[in-house]
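Open the structure in your viewer and keep the selection panel at hand.

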Amino acid sequence: MIAYEQVENYMKEVGLKYIKNPNDFIAGLAFRTDKQYAQDMAAELNARGEGAPVDNAHFYELKNRSLDGSIYVSAAFDGGVFRHIGNLVIDNADLFHGSVLDLCCDCGIVTCFMARQYPAVQFTGVDINEGAVNNAKQLAEKLGVTNAAFITADVLALELGKKFDCITSFRSLLDACELKTQGLNFVGARDEREASYHDAFLDFAGAVAAHLADKGAFISVERYTAEYGWLGWMQALEACGLKMNADKCCEMQAMDISNTKQYSVTFAGADGANGALDTFNAVLSRNFKSGTGYDGGMAEFALYYDSEGAIEFTDVMKGRRTIHQYAFATAKSGKRMYFDAANNNRRVKYYNEKKEAKMRADFEAKLKLYDTNQFEIRKYTK
């Protein structure tokens, strides 16, 4: 991506350099901090990679043991998205005025960038981790930032007693709502799945609504995407009285140390014009073409957006969890659609009616791989 000059200059000043080689990460971390810190971080990341339970609170405590360590870890895992966010902050200068609240600010990298970019605006960063807040204060002092204050507080129970002209949430939702989203389905009927995410995000959305001025703007960039969670997030905001700005909402891609990650960008406010589902459809339909096979979030979008009439679903359940979903539908063009989703993998195929028997036979063969003594097969139409 191409970042604005002021974004790149700030990232260089802070020390947020791209780290492309995972093998260099630990060595670089040890050089900037100490051997014990690097070993502890390596053990944490290796445990996660091997499927250990994720404890984000512990991770951020470890990450923020020192400012240099926190910035270097951010460079590896969030450097790409921070550059996108910097561009976004510059492109939306009209929204940054008066007072701005930055939720889950971590060590203050983005908060301090915004404060430097808009010196006439008063910024307040909030994070539940005291080490992160102390690092943010240290970074602000190091950069000569005088228009940003940092507070240790839980966003999900936030009561600051004032309202802000703009509120931002950058890479916050995944960590803040970790306990509330554990065990939620990745696949399954979209209305049921997104309703569960709506419920999980409601306290966060409520904190935004409670602290946003009547004409204020809310901007979020989150790891929840069209595959799951983003629609539920916007529905939670809508339930708290906020509407979306569909023209500005979009999807985003950013590189980290290992791969490209997807993000959702949401603009909302009390005076917004668009509902959650209308916004979701508007964003994804920009690049949608009927009759084309899709993977990922666009595959499920195609199933719901492009189908005409009832959709035949088959869910493979293990306990209360949907581990695999199949669906058949007819597209508006008259073509047939076959949808196959498991965990984070989704695919939709379009095919002619002549292939119906073959597609059904393939589907039944896949379904027979699941032992009905261990799995429940749920069939329904929507």
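Start by selecting α2 (22-32), α3 (35-49), α4 (56-63), α5 (67-91), α8 (173-176), α9 (178-181) and β8 (260-269): each supplies at least two residues of the lining of the largest pocket. Helices (H or I, at least four residues) and strands (E, at least two) are DSSP runs, numbered from the N terminus. A pocket is an open set of points on a 1 Å grid over the protein atoms alone, where a 1.4 Å probe fits, with protein on both sides within 12 Å along at least five of seven lines; lining residues have an atom within 4 Å of a point.

Before going on, note that this is a predicted model, in which local features need pLDDT of at least 70 and side-chain atom pairs count only at pLDDT 80 or more, while totals for chains, interfaces and linings use all residues. Residues are numbered from 1 along each chain as its sequence is written, and side-chain values use heavy atoms, with hydrogens and water left out.

**Stop 1: the largest pocket**

The space here is about 1400 Å³. A volume is the space filled by probe spheres set on the points, which are joined across faces, edges and corners. Now select Arg48, Val54, Leu174, Arg223 and Lys261, the closest to the centre among the 43 lining residues. Helix α3 gives the most to this lining of the largest pocket, with 5 residues. Colour the lining of the largest pocket by class: 18 nonpolar, 14 polar and 11 charged residues. Ala, Val, Leu, Ile, Met, Phe, Trp, Tyr, Cys and Pro count as nonpolar, Asp, Glu, Lys and Arg as charged, and the others, Gly among them, as polar.

**Stop 2: the second largest pocket**

The second largest pocket has a volume of about 740 Å³. Select Tyr60, Asp127, Ile128, Asp175 and Ala176, the closest to its centre of 35 lining residues. Elements giving two or more residues to this lining are α4, α5, β1 (99-103), α6 (109-117), α8 and α9. The most comes from α4, with 4 residues. The classes in the lining of the second largest pocket are 17 nonpolar, 6 polar and 12 charged.

**Stop 3: salt bridges**

How many salt bridges does the structure hold? There are 22. Each is a side-chain nitrogen of Lys or Arg within 4 Å of a carboxyl oxygen of Asp or Glu.

Select Lys382 and Glu192, whose side chains meet in a salt bridge at 4.0 Å, N to O. Lys382 lies in the segment after β14 (376-381) and Glu192 in helix α10 (residues 190-211), so the pair ties together parts 190 residues apart in sequence.

Next, pick Glu300 and Arg193, a salt bridge at 2.7 Å, N to O. Glu300 is in helix α13 (residues 297-306) and Arg193 in helix α10, 107 residues apart. Are these two buried or exposed? Both Glu300 and Arg193 are buried (under 20% relative accessible area; exposed is over 50%, partly exposed in between, with a 1.4 Å probe and protein chains only).

**Stop 4: Ser285**

Select Ser285 in helix α12 (residues 276-285). Ser285 is partly exposed, at 24% relative accessibility. Show its contacts (heavy atoms within 4.5 Å): Ser285 touches Phe301 and Tyr305, not counting residues up to four places away in sequence. Finally, find the backbone oxygen of Ala282, 3.1 Å from a polar atom of the Ser285 side chain.

Technical notes:
A polar contact is a pair of N or O atoms within 3.5 Å; within protein, one must be able to donate a hydrogen and the other to accept it, and residues adjacent in sequence count only if both atoms are side-chain atoms.
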